[in-house]
Amino acid sequence: MECVSDVAVGQTEKAGTVMAYGPTLETFLEHYGYKMDDIRSVRTLAKDDYTVQLGKATWDNYTVILSVKNGESEALYKKQQPLRLVIPGAKSGKWTYSVIKMEFELN
C-alpha cells in the first residue's frame, strides 16, 4: 500500500510530537474495495482497552494515518505496536497507539 509521512503535534507533553508513516485510512479502505463514503464510523481498540470512535467529520477535515513506523525508517516503539492511529491537526485524544482492533460501521 502507498504510505504517507506527516508530523503530528499533541496538545499535551505526554502526547508529544509524532512522526507518522503508513497508509491513510482512505488508502487502507480502497485496498479492500471500500470508499470513505461507505463508512459511517471507525472504532479503534488498543491493548490497554482505550477506545476511540471516529466519524465522517474526522476524515473530512483531517488525514487519518495508520502509522506502522515512527518516520520512514524507525520501527514503532514496542508499546505502540502493532499499529498507531495518528491524525495530524486533530486533538491528540483521538490518536491511538497499540491498536489491536478496528471496527468499521458501514452506511
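This note goes through the model from the overall chain to its sheets and then to single residues.

1. Basis. The model is predicted: local features need pLDDT of at least 70, side-chain atom pairs count only at pLDDT 80 or more, and totals for chains, interfaces and linings use all residues. Residues are numbered from 1 along each chain as its sequence is written, and side-chain values use heavy atoms, with hydrogens and water left out.

2. Confidence. The mean pLDDT of the protein chain is 93, and 100% of the residues score at least 70; pLDDT is the predictor's confidence in each residue, from 0 to 100.

3. Secondary structure. The protein chain holds 2 helices and 9 strands, in the order β-β-α-β-β-α-β-β-β-β-β from the N terminus. Both kinds of element are DSSP runs, numbered from the N terminus: helices are H or I with at least four residues, strands are E with at least two.

4. Overall dimensions. The radius of gyration of the protein chain is 13 Å, close to the 13 Å of the globule rule for 107 residues, so the chain is as compact as a globular protein of that length. That radius is taken over C-alpha atoms, and the rule is 2.2 Å times the number of residues to the power 0.38. Along its principal axes the C-alpha trace spans about 35 × 25 × 25 Å.

5. Of the 107 residues, 39% count as buried (buried is under 20% relative accessible area, exposed over 50%, partly exposed in between; 1.4 Å probe, protein chains only). The protein chain exposes about 6,400 Å², of which carbon and sulfur atoms supply 49%; accessible areas come from the Shrake-Rupley method with a 1.4 Å probe, and for residues only the protein chains shown count as cover. Among contacts between residues at least 6 apart in sequence, 54% join residues at least 24 apart, where contact means heavy atoms within 4.5 Å.

6. An open, antiparallel sheet of 3 strands has the order 4-3-9; two strands pair if DSSP finds at least two bridges between them. Strand 4 (51–55) and strand 9 (99–106) are the edges, each with a single partner strand, so one side of each has no neighbour in the sheet. Neighbouring strands are turned by 15° against each other on average, direction ignored; axes are lines fitted to C-alpha atoms, for helices over the stretch in contact, and angles run from 0 to 180 degrees between N-to-C directions.

7. The hairpin of strands 3 and 4. Strand 3 (residues 39–46) and strand 4 run antiparallel and are joined by 5 bridges. Arg43 stands opposite Gln53 of strand 4. The two strands form a hairpin with 4 residues between them. Asp49, in the loop between strand 3 and strand 4, has phi near 75°, a positive value in a residue other than glycine. At 60% relative accessibility, Asp49 is exposed.

8. Gly55 is partly exposed, with a relative accessible area of 24%. The C-alpha atoms of Gly55 and Lys14 are 25 Å apart, with 41 residues of separation in sequence.

9. Strand 6 (residues 69–70) and strand 7 are joined by 2 bridges, and Lys69 has Ala75 as its bridge partner in strand 7. Ser73, in the loop between strand 6 and strand 7, is exposed at 71% relative accessible area. Its C-alpha atom is 29 Å from that of Tyr34, 39 residues away along the chain.

10. Backbone points to check. Most residues other than glycine have a negative phi, and most peptide bonds are trans. Ser98 has a positive phi of about 60° although it is not a glycine. Ser98 lies in the loop between strand 8 and strand 9 and is buried, with a relative accessible area of 5%. The peptide bond from Gln81 to Pro82 is cis, with omega near 10°; Pro82 sits in the loop between strand 7 and strand 8 (84–86).
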